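Subject: Structure for you to look at

Hi,

Here is the structure I promised you. Please open it and keep it on screen while you read.

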Amino acid sequence: MVIPPRSAYVHIPFCHKRCFYCDFSIIPLGNSAEIPGSPGITSINAYLDLLHREISIAPIGPALSTVYLGGGTPSLLNKKEVGDLLNKLQKKFGFQDGAEITMEVDPATFLENDLKGYLEIGINRLSLGGQSFDDSTLASIGRNHNRTQLIEACNWLNNFFKNGILRSWSLDLIQNLPGLTVDKWVEELDQAVKTEAPHLSIYDLTIEPETVFGRMHKKGNLNIPLESVAQKIDLETNRYLKNMGFSRYEISSYSLPGHASRHNRMYWSGSGWWGFGMGATSAPWGKRFSRPRTIAGYKKWVEQQESHLLEKTLFIEESIPMPLDELLMIGLRRREGVHLEELAKKSGWTQKECNANLQLLDNYWFPFLKEGYLLRKNGRYYLSDPKGMQISNQILIQMFLWWDSLELD
Ligand code: SF4
């Protein structure tokens, strides 16, 4: 049985400019996003109109327990624009009592009063894109904010949190940025902990080919840490944050007790979610669908959906559960891992298929099980922390090889 979605992701694609490592679906507006009557404001208004129209044509579903405004830079929207979006979702689906309503914010785009405004209209969790506390690093990755702005933003969030106005907040950092050493990284971690953020997301830098960093890397001009240094940095993250009381509940996510992101946990549990906006992925009934990544493509798609030309393909309830390989991939990111046989049976496998196929997977994973990278307890498989989490990609590659070898229809 497919459980109807109780979560929604809304994509706000606008940014001041594109960061050097970013290949997300975004629209860089320069500084015109904040100038009344500018082309930037016109673009935002036109986009919000499309977004409202897309939400209007979605079918009714159960009340939402999590909402996530991500981007891009949602904090380029003002209080009224964010409020109108939340109202739209609330009218459409309703919000469960205590729903987690998260918004991503960028230190270069708001002042204390703006934050206060977001909290007044129902945002109760903020995710701050810090990435680094070092001015030269921030400049070298193309971020639009500096250290002073980041620390100021952290102080505002922390004050709201301590005063009980904000339920929780998270700070993002990127490890393994160009020029990083273990010592510099420990300083970053130290400053992150000093902000008193109850949740830290620590992402590894990934080099995407169609980015400034991708091009620099191709030419050999990107001074990223060597693999051996990157491993030490990752171990240090794990050691340092655990000493400070953080729990690693997912590969990139560390939280103090009670501050794990419910919305992110929803993704990793394999539940369905609504997704709205340019480039957004949704999986309301288990089947994933990604919207066009350009504004023109998205506009056309919304218009087609409205006029039924695509027969609202996305919105037809299809009882197609997420494929087992995807469920395994996302489930293994979590500290608690996955129960292989339970998951396989939920995906429709018979006991006989489970016996044969899962034994085969054990063979693919044998070296990792033997060396303690992957642990198995009562049918549940999980990555050891930090050893297994560090090489999660290699473990997943073997899983995908196993999946391909099954030659399922
Ligand atoms: S602010 Fe975030 S979404 Fe925008 S360009 Fe930078 S990394 Fe990408």
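Below is what was found in it, part by part.

First, a caution: this is a predicted model.

**Domains**

Where they meet, ten residues of domain 1 are in contact with ten residues of domain 2. On the domain 1 side, helix 8, strand 9 and helix 9 (262-269) each give two or more residues. Helix 8 has the largest share, with four residues. By type, that side of domain 1 holds five nonpolar, two polar and three charged residues.

Now look at strand 5 (residues 95-105) and strand 6 (residues 125-131). They run parallel and are joined by four bridges. Glutamate 104 has serine 127 of strand 6 as its bridge partner.

**The ligand**

What surrounds the ligand? The shell consists of Cys15, Arg18, Cys19, Cys22, Phe24, Ile26, Gly71, Gly72, Thr73, Asp106 and Gly129. These divide into five nonpolar, four polar and two charged residues.

The order is 14-16-15, with antiparallel pairing. Strand 14 (338-339) and strand 15 (374-377) are the edge strands, and each pairs on one side only. Strand 15 pairs with strand 16 (residues 380-383) over four bridges. Leucine 375 stands opposite tyrosine 382 of strand 16.

**A helix pair**

Next, helix 11 (residues 324-331) and helix 15 (residues 392-406). Their axes come within 11 Å and cross at roughly 170 degrees. That angle is why helix 11 counts as roughly antiparallel to helix 15. Helix 11 makes the contact with Asp325, Leu328 and Met329. Helix 15 brings Leu396, Met399, Phe400 and Trp403. Of the residues in this contact, six are nonpolar, none is polar and one is charged.

**Backbone details**

- The peptide bond from glycine 71 to glycine 72 is cis, with omega near 20 degrees. Glycine 72 sits in the loop between strand 4 (64-71) and helix 2 (79-93). Glycine 71 and glycine 72 also belong to the shell around the ligand.
- The peptide bond from aspartate 385 to proline 386 is cis, with omega near 10 degrees. Proline 386 is in the loop between strand 16 and helix 14 (387-390).
- Glutamine 131 lies in strand 6. Its phi is near 70 degrees, a positive value in a residue other than glycine.

Best wishes

Definitions and conventions:
Residues numbered from 1 in each chain as written. Predicted model: local features only at pLDDT ≥ 70, side-chain atom pairs only at ≥ 80, totals over all residues. Axes fitted to C-alpha atoms, helices over the stretch in contact; angles between N-to-C directions. Parallel < 35°, antiparallel > 145°, perpendicular 65-115°, else oblique. Contact = placed C-beta atoms within 7 Å. Nonpolar A, V, L, I, M, F, W, Y, C, P; charged D, E, K, R; others polar. Pairing = 2+ DSSP bridges. Near = placed C-beta within 6 Å.
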